[in-house]
Amino acid sequence: MSDTNEYIPPKVWTWNKASGGRFANINRPIAGPTHDKDLPVGRHPMQLYSLGTPNGQKVTIMLEELLALGHAGAEYDAWLIRINEGEQFSSGFVAANPNSKIPALVDRSGPEPVRVFESGAILMHLAETFGAFLPKSGPARAECLSWLFWQMGSAPYLGGGLGHFYAYAPTKIGYAIDRFAMETKRQLDVLDRRLAESAFLGGADYTIADIAVWPWYGGLVKGLLYGAGEFLSVHEYTNVVRWADQIGARPAVRRGRIVNRVMGDPAAQLRERHEASDFDTKTQDKLDAQAAAKAGGAG
């Protein structure tokens, strides 16, 4: 007996209704701007247009790590892009990233502005610009880049797959949730096996591979993504938890992960960052306390 609710795809798909779910008002099958608006420009060399999602956190953590090493050229303005309001479809943002996804970086340190989009590309650009967090050559560089691109390839399964169907879809679809839960757990096992033999993903040293993976999988095992920690039994991945705790304790990570943040307690958000003095120690401590409480509840 067939399921009367089974979806039968038409011969040719057409966009004739909202996709449903949390992001229905901004989903569309076409590219390009919806309105004219220039991006703001601050006084620092790096101009970041972003939101404090895992992909956005990668870049703000990287910039804070570079500043912690003394690279003054990594000073940045972090402008908030409200994706739920469609700000990523402005003419200015589309010029910075034709794919209309955060984050987008405009490097104004040279004679001509350089746009860089896709979080992995931004991490590589910054690492090569400042000679930090990316081995220069050899097996160590290959290992680092392999894990960086592993994350870029795996993110759609965790974010667009598990995150969407488990947390955001208007209806719960068992097949979709099971499919993406299985793949997410497989990816966690990949990480756990790697981190059983290595302190960091690229080897003995902390690199852009860790910076890319931590906001996603570190956040997941610490109970910060989708409320799915118990569902996925994240406590079983002890090496990932160890690694997540180690990176989460870094001061630059603590700073970077609250930049452009708009969810949770308003006192634990730094919606825009234009100066180092914008950070408030009490805000960071409060955010850390909340993260610890959530992690304890997630096992």
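**Around Trp243**

Tutor: Leaving aside residues up to four places away in sequence, Trp243 touches Leu195, Ala199, Phe200, Leu201, Asp210, Val213, Trp214 and Gly218, where contact means heavy atoms within 4.5 Å. This is a predicted model, in which local features need pLDDT of at least 70 and side-chain atom pairs count only at pLDDT 80 or more, while totals for chains, interfaces and linings use all residues. Residues are numbered from 1 along each chain as its sequence is written, and side-chain values use heavy atoms, with hydrogens and water left out.

Student: Which residues have the most contacts inside the largest nonpolar core?
Tutor: They are Met62, Leu126, Ile208 and Trp243, in a core of 63 residues. Such a core is a set of buried Ala, Val, Leu, Ile, Met, Phe, Trp, Tyr and Cys residues joined through side-chain atoms within 4.5 Å; buried means under 20% relative accessible area, with a 1.4 Å probe and protein chains only.

Student: Which helix gives the largest share of this core?
Tutor: Helix α6 does, with 10 residues. Helices here are DSSP runs of H or I with at least four residues, and strands are runs of E with at least two, numbered from the N terminus.

Student: And which residues belong to the other core?
Tutor: That core lies apart and has 12 residues, among them Tyr49, Ile81, Ile102 and Ala104.

Student: Back to the helices: at what angle do α6 and α7 pack?
Tutor: Helix α6 (residues 208–221) meets α7 at about 115 degrees, with the axes 9 Å apart. Axes are lines fitted to C-alpha atoms, for helices over the stretch in contact, and angles run from 0 to 180 degrees between N-to-C directions.

Student: Which residues make that contact?
Tutor: Asp210, Val213, Trp214, Tyr217, Gly218 and Val221 of α6 face Val240, Val241, Trp243, Ala244, Ile247 and Gly248 of α7.

Student: How do the axes of α5 and α7 cross?
Tutor: The axes of α5 (residues 174–197) and α7 (residues 238–248) come within 7 Å and cross at roughly 75 degrees. That makes α5 roughly perpendicular to α7, a label for angles of 65 to 115 degrees. On the α5 side, the contact includes Leu188 and Leu195; on the α7 side, Thr238 and Trp243 are among the residues involved.

Student: Lastly, how many helices and strands does the chain have?
Tutor: There are nine helices and four strands. Of the 299 residues, 47% count as buried.

Definitions and conventions. Parallel < 35°, antiparallel > 145°, perpendicular 65-115°, else oblique. Buried < 20%, exposed > 50% of the residue type's maximum accessible area, 1.4 Å probe, protein only.
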